[in-house]
Each structure stands twice: as structure tokens, then as C-alpha cells.
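Trainee: I would like to go through this structure and ask what stands behind each label.
Mentor: Good. Let us look at it together.

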Number of protein chains: 2
Amino acid sequence: MPCSEFKLIAGLKKFQNLSARVVHGIGDDAAVLELDARRYQLFTADMIVEGVHFVSGTPARLVGHKALACNISDIAAMGGSPTCAVISLGLPAGLPVSYVNGLYAGMRALAQKFGVSIVGGDTVRSAQLVINIALLGEIEKKRLVLRSGARPGDLVFVTGPLGGTLQSGKHLNFIPRVKEARFLTEHFKPSAMMDISDGLAGDLGHILKASRVGAVIQAAQVPLNKGVGLAEALHGGEDFELVFCLASLKAHKLLQYARSRGACRFYEIGRIVAGPQKLALADQFGRCRMIELKGYTHF
Amino acid sequence: MPCSEFKLIAGLKKFQNLSARVVHGIGDDAAVLELDARRYQLFTADMIVEGVHFVSGTPARLVGHKALACNISDIAAMGGSPTCAVISLGLPAGLPVSYVNGLYAGMRALAQKFGVSIVGGDTVRSAQLVINIALLGEIEKKRLVLRSGARPGDLVFVTGPLGGTLQSGKHLNFIPRVKEARFLTEHFKPSAMMDISDGLAGDLGHILKASRVGAVIQAAQVPLNKGVGLAEALHGGEDFELVFCLASLKAHKLLQYARSRGACRFYEIGRIVAGPQKLALADQFGRCRMIELKGYTHF
């Protein structure tokens, strides 16, 4: 029987041995560990593979950027700031050193932008180019956001237009939403948040399951990248925007604030509802159809 | 130009951006980060690849064991205790779920033995089986051991017989030397230590380079696994014993202590000397020949 990612992570969850230091283990964008009286430490890792997450011949700087950006996005999804990374490279025989230096250069530029220290590495031989980055982050305890806090009546937001990132190349050069996440957790703390790495439906679906609620999304309000249909936004891959839920009063204050500033990176797209963990899509006449909670899968 | 591991790690080192929180970045078995007044945090990652670090068809539990054991060994090499791990798996299409469960079972058994919490994971598609584990550890500040502290006159020790681990299978089922490292850093703090993952000559060579000293090893004193020649111990792979240096007075106390207990897991093999960063091998008549500081390479 071939494996599916979600089954596998569930399998891993069964095997975790948790110590008192672990506040939240498997099941969110990053693990949450006790750090000190005021802060938690966040811990995450992502592996990207040639031919799966990027095509052969992709410029090295972009591949390096993406490998680190995916991880920073996971830290942002919890509301935190990234701190230290360890980089493992699986390198095919004959890969030019210049390509590896390009990978490092892409990582370094992004690491500098977000104050990430690259503190360790491992390099091994492999058939395909494989990059794994493990990243630590920090967050003030009171600012931590999990997937499990969405409540009926909350409004649902995304931080930017969705869809078409494979065609546009945004999946390679996106900027993780740390600034937006830090702003939110300081001023308008979301009840739930995660990053959209496998399509809105799949990732909002994780919030619905973890929070045991449903949601109604207004089809006309989902911001789309140019030339992209709604289906791609719902089930496409690798937007790396954030999807988050806000209690209604906070949501109105956020929208007011955003309007007063002219530019707005926060798009209200729907509402959390009580009941089964399902996602409904409403058209302009209020007619709803159910959407499968299924995102893009690399398997 | 094809890459060699040491060049690549050097390349990475050039690119690291270090914050004040980073006490030691790239260049030891694990990075050392500020944790609190009393403790440092350790952070390391290792990637193992099918066909490079284990042959296809190796029982899953052994592969899972090895993947985690390599990392725990890096934490031991600093004198620390492992705490939390994040596991990334690259899985070939069609790999049975039972194999993946076997990997987890191997990791879990070892994690339980050493009090490691498995707190996160990522699973992706890849051509070969690839496992990356990122591991955190902790160490009391005064017990931290780096590669760079060896001094002329120190005695050199290893924690067990070397060589032949690929043939014997020890490279798959070894027990990382956390207990020995913790004992040492409590009672007889080494001046330098690391784990032997690429042969004694290569890894002791790292200590010599980092400490800017030389060493003379007594050929007859290097403990060997059954049926193994000295060359294999010097340049073979994956013993995962510790090599460490002890100031002479402490060394004599350690040997006295070990003798008084009957069993001894600490083998004195030679001495650190002033001068160029070279390794000499002395025969029973005291005649020396120089040994290349070169270990096993997976490239």
C-alpha cells in the first residue's frame, strides 16, 4: 500500500514520546517547547526534493530561498520569529560547486533579511538534490497562535492573493509572512492561524478539524492572482500566505485599521460556523456548496 | 568540479550570520546556543540516504535506529543530553507503510531509551529513501566540551574498539555514548571530544586542527574489533565511539577509577604533542610514521 502524507504524520504522532518540556508536539506548523517564563521555543523542519518541489535546472538561489522560506513560513504561522537554522544537503554526484554556492547564497540572503543564524550543516551524496532545513524560532507565550482556537462567529482572512504560484514562480521566491504574523499577534491576536502550503481548502481544513468547527467562504471574496481560477486557489499548492481567524470585534478593528492605512494585506474571505468540520463555498446569491477539504498533494 | 564534504561545510561557514545567541556555530558536532544562565542548548542534524549510509533492503527498524543514533552521538560528543527531535522522511513511491512504521519503531525505541521527544515531522516523495533528523540537546555550561581544547601532554582516549562496523552491522545498531560522555563531563572533564563517524584518523584530525596541536598514537594500544586491521580503524567509517583528550592528571585518575571497577570502556591510545597538526603512529619500538588525517568519505 503506498503512503499518503497525512497517514504518515498520524503514524508518527502515535510514536511520539513527550517530555514535560513539550507544550505542543506533532500537529501544528511547528512544535512548541518551553523556553523560559516569558517565551516558547518553536521547532520545525521541511524537506524539499528536486523533481517534486522544484524542477531540475531551477536557479540555485531560488531553490535555496525556497528551502529556507518554507521553514520561516511555518514559524510565522505560529506568530513567531525565526532564530537559528541547520541545513542538510543531499547532493547528486557531479553537481557543480557553483550550484551549491548558489543554494547557500539564496539561503543567506533570506536568513539575513529575517535575522536567522545558520549554525550547522550536513552534506551527503544522494541521487536527487534534497534539502532539509530545521529551524528554531521564538514567541512570547501570550502571542502563540495554534490551529485549534477558531470559534463560531470568527471571520476568516488570508494575507494575499492565492493560486497559480507554480506557473508564476511565486512558489520559489515568496516572502514568508513573518511581518504580518508579528503585527497580528501584537495587535489583533488571531484565534487560529496556519500557512497555506497545499491550497486554501486543505489548509483551512486543518484549522476546521483542529478547532472542531465549520466555515463558509464567500467565493467572490477570495483574492486571486492574475489569470487564476478559484479551484486553483482552493486546491492548488504552495501559496505560503497565511490563513487566520479573528473574533468578529477584532476583525472589524483590523479592517478599519487597514482601510485607514490605504493599503491592506488582510483579505476577509468568510466566517467560522458551528457544526461539522466542513467547508462551504457561498456564491453571490448566498447559495452554498460543500468543498472537499483536500489540498495539493506531493504524493 | 565535484564537491567534497569538507569544502562544502567550509562554504556554508562563510555564509553563516551569527546572532548574539549563538555561542558556537558551524565547526563542531553540534551548534551551541544560549539557553539560560546555567545551560546551553545544542542543535544538530544528520541526513542518511539509501545506498550511501545503508543498503537497500536493510530492516526498517535498524535504519530508523541509525538515523536517530547518529544525531544522539553528535549531542554526546559535546557532553550533552538529547531532548527533542524533528524527523523528515523522503519516501520512494510504493514503499510499504509497514516499512515506514518500522522506521518509526526503530526511532521510537531509541528515543525512549534516551528520553528524546519526537515533536514534529515532514514526509515528502523522493527517489531514494532519505531520512533527516534534527535534534536538540542541553548541557550545563561548565560541562561543554568542544573540539578545540586539546593541549600538549593530554592523553587521548576512545570509548570502545574500532573498525569493521560496516561488515559487523554495528554501524546500524550502535548505542550512542551519551552515558560515557555524561560520566566524563561530570567527573573527568575532557579538554576536547568528538564522535568517530569517519574513522579515527579523520576525526582525531578534526580535534588536532581545531586545537592546533599534533598527536602520537600507539599502534598497539588502539582497541580493534575482532578480525579488523589498524588501517580500518584509522580510515574506516562509522564507529560512533567517542575520541577524547584528558589532561594527564585527570587521565591517570580516570584509569585508576576504571581499573578499580574491573570493566573499562575507556582506552588510552596516545598523547597530544605540541607542533604541527599532524598525527603520528608509533610502533612497539617507538618508531613513528605519519598518518594522513583522512577518514572515510561518502563522496
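Trainee: Why is Arg143(B) called buried?
Mentor: Buried means under 20% relative accessible area, exposed over 50%, partly exposed in between, with a 1.4 Å probe and protein chains only. Arg143(B) has 12% relative accessibility, so it counts as buried. One caution: this is a predicted model, where local features need pLDDT of at least 70 and side-chain atom pairs count only at pLDDT 80 or more, while totals for chains, interfaces and linings use all residues. Side-chain values use heavy atoms, without hydrogens and water, residues are numbered from 1 along each chain as its sequence is written, and chains are lettered from A and ligands numbered from 1 in the order in which they are written.

Trainee: Which residues does Arg143(B) touch?
Mentor: Contact means heavy atoms within 4.5 Å. Leaving out residues up to four places away in sequence, Arg143(B) touches Met78(B), Arg182(B), Thr185(B), Glu186(B) and Lys189(B).

Trainee: Why is α7(B) described as largely enclosed?
Mentor: Ten of its twelve residues are buried, so the rest of the structure largely encloses α7(B). Among them are Leu200(B), His206(B) and Ser211(B). Helices (H or I, at least four residues) and strands (E, at least two) are DSSP runs, numbered from the N terminus.

Trainee: How do you know what span to expect for α7(B)?
Mentor: The expected span is 1.5 Å times one less than the number of residues. For α7(B), 16 Å is expected, and the helix reaches 16 Å from its first C-alpha to its last. Just after α7(B), Arg212(B) takes a positive phi of about 55 degrees.

Trainee: What makes β9 and β12 of chain A a pair?
Mentor: Two strands pair if DSSP finds at least two bridges between them. β9 and β12 of chain A have four, in the parallel sense. Val216(A) has Ala280(A) as its bridge partner in β12(A).

Trainee: Why do β8 and β13 of chain A count as edges?
Mentor: The open sheet has the order β8-β10-β7-β11-β9-β12-β13 in chain A. β8 and β13 each have a single partner strand, so one side of each lacks a neighbour in the sheet.
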